[in-house]
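My notes are below the picture.

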Amino acid sequence: MRRSRVSRGAAYGIRQFNVGTPSTDISSSELDGQERGFFLEGGSASVSGSSVHDNLYGIFADTGATVASLSVTGTTFTNNATAPGRVSLAVDLASSGNAATGGLRNGFIVVGALPPASTRTWNAGLPYVIGSVNVPAGSTLVVGPGAVVKPEFGGGLSVDGTLSVNGTAQAKAYFTSIKDDEAGGDTNGDGAATTPAGENWDVIVFNVGSVGSVSNTVIRYGGWTSCFGCTFANVTNKGGSVTITNSTISTSGYYGVRQTNPGATTVIHGSSITGNAGYGVFNDTTTVVDATGNWWGHASGPFHPTLNVAGTGN
């Protein structure tokens, strides 16, 4: 569909059923006035250079466990009441060059878990708004340069497979608060009415057997402490192999990074660990955490109750 308008279609403007091998290409078009501007149930689809406005959801691609692919590029989302899009992690989403304003959430709401033995990549552009998302064993989530991930209150990321966060010095990746307008814009659609703080979201947790590689990434405002089973940290290693380099771990509700399993391996180098309400790094185990060559907020180094009592850093 090219240079067309689909308006006021009630439940949906365009619906792609999961029958056979369906494919839809929408370009230079307008979708408005529906509950779901474009409703994807399966197959492959692309939306480019279009205006999607005044719907409940601009794009609804919550396919459950049904694998699909969706490309959204150069499209403007305006006044979609809930969000520009809701997308299952079963959908391989490629998003770039889009803009969104006027919604309750001005980013793609991402739900569910990655399919078995799959890879999903989140690129720079509209923020990815997550609740509680899982990367299962055998699957990989790649977060690219400039990508912004914003968990909802109490939300976070649980990793049993591989998380690879590949920011650059010029384009940091972010895990931050839904209230953080400095990264990814006004995602919660309230202007300047709210400001971010520690405990705005829960944690990135690496479970037994998982792998984490995090570079040139800002992780801030997590460390939720008000739930049963909370680990009180921005990042918790429960038994994975996690390496963090050239990153910023800050403003947690309690710990910046926590290691809770003696079988875990945690390496943190060349990073800034500051402003966390409790310890910057807290180790519950006898397995050494290699956290050398970091900045802790003060030249005296990090405070330690026995090894560096004069340290005034985090």
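**Ground rules.** I am reading a predicted model, where local features need pLDDT of at least 70, side-chain atom pairs count only at pLDDT 80 or more, and totals for chains, interfaces and linings use all residues. Residues are numbered from 1 along each chain as its sequence is written, and side-chain values use heavy atoms, with hydrogens and water left out.

**Entry 1: the sheet.** I looked up the strand order first. Six strands form an open sheet in the order E13-E15-E17-E20-E23-E26, and the pairing is parallel. Strands here are DSSP runs of E with at least two residues, numbered from the N terminus. Two of them pair if DSSP finds at least two bridges between them. The edge strands are E13 (119-122) and E26 (265-269), and each pairs on one side only.

**Entry 2: strand E23.** I then followed E23 (residues 241-245) across to both partners. Five bridges join E23 to E26 in parallel. Strand E20 (residues 211-215) also pairs with E23 in the parallel sense, over five bridges. Thr-243 stands opposite Val-267 in E26, and Ser-213 stands opposite Thr-243. The bridge partner of Ile-244 in E26 is Ile-268. Next I sorted the faces. In a regular strand the side chains alternate between the two faces of the sheet. E23 has Val-242 and Ile-244 on its covered face. Ser-241, Thr-243 and Thr-245 are on the uncovered one.

**Entry 3: Thr-266.** Is Thr-266 buried or exposed? Thr-266 counts as buried, because its relative accessibility is 3% (buried is under 20% relative accessible area, exposed over 50%, partly exposed in between, with a 1.4 Å probe and protein chains only). I found Thr-266 in strand E26. Its side chain makes a polar contact with the side chain of Gln-259 at 2.6 Å. A polar contact is a pair of N or O atoms within 3.5 Å; within protein, one must be able to donate a hydrogen and the other to accept it, and residues adjacent in sequence count only if both atoms are side-chain atoms.

**Entry 4: Asn-294.** I found Asn-294 in the segment after strand E28 (281-283). Asn-294 is buried, because its relative accessible area is 13%. What does its side chain reach at 2.9 Å? The side chain of Asn-294 reaches the backbone oxygen of Ile-268. A polar atom of that side chain also lies 3.1 Å from the backbone nitrogen of Gly-270.

**Entry 5: the cavity.** I counted one cavity of 30 Å³ or more. A cavity is a set of points on a 1 Å grid over the protein atoms alone, where a 1.4 Å probe fits but cannot get out; lining residues have an atom within 4 Å of a point. The largest cavity holds about 40 Å³ of space, a volume filled by probe spheres set on the points. Its lining includes Val-87, Leu-93 and Trp-122. Strands E9 (83-88) and E10 (91-96) each supply at least two lining residues.

Terms used. Helices (H or I, at least four residues) and strands (E, at least two) are DSSP runs, numbered from the N terminus. On a 1 Å grid over the protein atoms alone, a cavity is a set of points where a 1.4 Å probe fits but cannot get out, and a pocket is an open set with protein on both sides within 12 Å along at least five of seven lines; lining residues have an atom within 4 Å of a point.
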